[in-house]
Amino acid sequence: MKRISQVLLLSFVVLNLASCEFIVERTIKNALKNQQEQEKILSDDKMHVVLVGTGGPLSNTARITTSTAVIAGGEFILVDVGPGVVRNLNLQGLPIGRITGLFLTHFHSDHISDLGELAFMSWAQGRARKLDVYGPEGVAQVVEGYNLAYRLDSSYRTAHHGEDVMPSSAADSVAKTITVNNPDKAELFFDHNGLKASVFMVDHSPVKPAVGYRFEYKGNVVVITGDTKKTASLAGHAKNADLLLADALDAKIINTFSKIAKENNRPRLSKQMADITGYHMTPVQAAEIAQEAGVKKLVLVHVVPPILNFVVKRKYMKGVNDVFDGDIELGEDGMTFNLDPKK
Ligand SMILES: [Zn+2]
Ligand SMILES: [Zn+2]
């Protein structure tokens, strides 16, 4: 009897291990199949906009820092690459190895600090030439720093996997400095496979220069403000956009934060909070820009403070519908807009 139970137990263990192996293999196969499926986004005729991240620099369990993927005509452009962006790109299943360019709006850490990881991961996943990094004056310094910091790692990878798999010629990023000659005019600087991008100046003083981007593809227009206060020229740059992704910080909540920090003997934090209200738009100001520009849909990103509950959300969105007639969305990480071609 004892022997029979031992045989039964052994059979159970063997069968169980075999089924585990089967499940592991099936999981790997599905993951690889999913990757192939995700690459299809690069070959249809839509303009895809993915909110990779929608938060500000403060730690937040619901949002990483603001970053947006614009995918159209086989081009895969990422705008900004702060902490957590590469993790979200992978979790959101975007074909990171097929990235064709990174656009930076300015060089605050919450917009650049995953650059090294992006260059590495896109290279590891198939990018076959250097990563083009566009940005205003200063981009060369940032790119040079990340190339330098990651050069030892890339040399190990090539030595380990070989030049055919990890070609050293493609490891680095290359800076493409964009100069804006007229601060009131958007300037076309990118035109590939039907996707056009123009750059325009914004006001994020003392951060200078700081820019926003306007994308056009098959009749659709997508505008990303970058970090900025409300300026006189912003509505012109966002004119008739189908989608406007606007920086929006709730100054009232942040001022309350500053006041409470001061009362609780945290003068440093209090001052930092008070300072940041001066170089971002509020949600209502973003809605005013959208109204003036005749935008179809406004999406609020760079959401500050970290929105944690229903009450804070309501406070943050208060008043936006009073000034803007179009659709408004509070951006969430992973939110995707697929725009059908108009021509
Ligand atoms: Zn900033
Ligand atoms: Zn920022």
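In which sense do strands E9 and E10 pair, and over how many bridges? I looked this up before anything else, keeping in mind that the model is predicted.

**Entry: E9 and E10.** I found that E9 (residues 211-217) and E10 pair in the antiparallel sense, with five bridges. Opposite Val221 of E10 stands Glu216. I then checked the hairpin of these strands: two residues lie between E9 and E10, and Lys218 has a positive phi near 45 degrees.

**Entry: E10 and E11.** On to the pairing of E10 with E11 (residues 243-249), which I noted as parallel, over three bridges. Here Val223 has Leu244 of E11 opposite.

**Entry: burial of E10.** I looked up how covered E10 (residues 220-224) is, and five of its five residues are buried. In a regular strand, side chains alternate between the two faces of the sheet.

**Entry: the open sheet.** Next I traced an open sheet of seven strands, which runs E6-E5-E4-E3-E2-E1-E14 with mixed pairing. Strands E6 (173-177) and E14 (336-339) are at the edges; each has a single partner strand, so one side of each lacks a neighbour in the sheet. On average, neighbouring strands of this sheet are turned by 20 degrees against each other, direction ignored.

**Entry: E5, E6 and H5.** Asp132 has Val174 in E6 as its bridge partner. Helix H5 (residues 139-161) packs on the sheet and touches E5 and E6. I recorded about 175 degrees between the directions of H5 and E6.

Methods:
Residues numbered from 1 in each chain as written. Chains lettered and ligands numbered in written order. Predicted model: local features only at pLDDT ≥ 70, side-chain atom pairs only at ≥ 80, totals over all residues. Pairing = 2+ DSSP bridges. Helix = DSSP H or I, 4+ residues; strand = E, 2+ residues; numbered from the N terminus. Axes fitted to C-alpha atoms, helices over the stretch in contact; angles between N-to-C directions. Contact = placed C-beta atoms within 7 Å. Buried ≥ 20, exposed ≤ 12 C-beta atoms within 10 Å, placed from the backbone.
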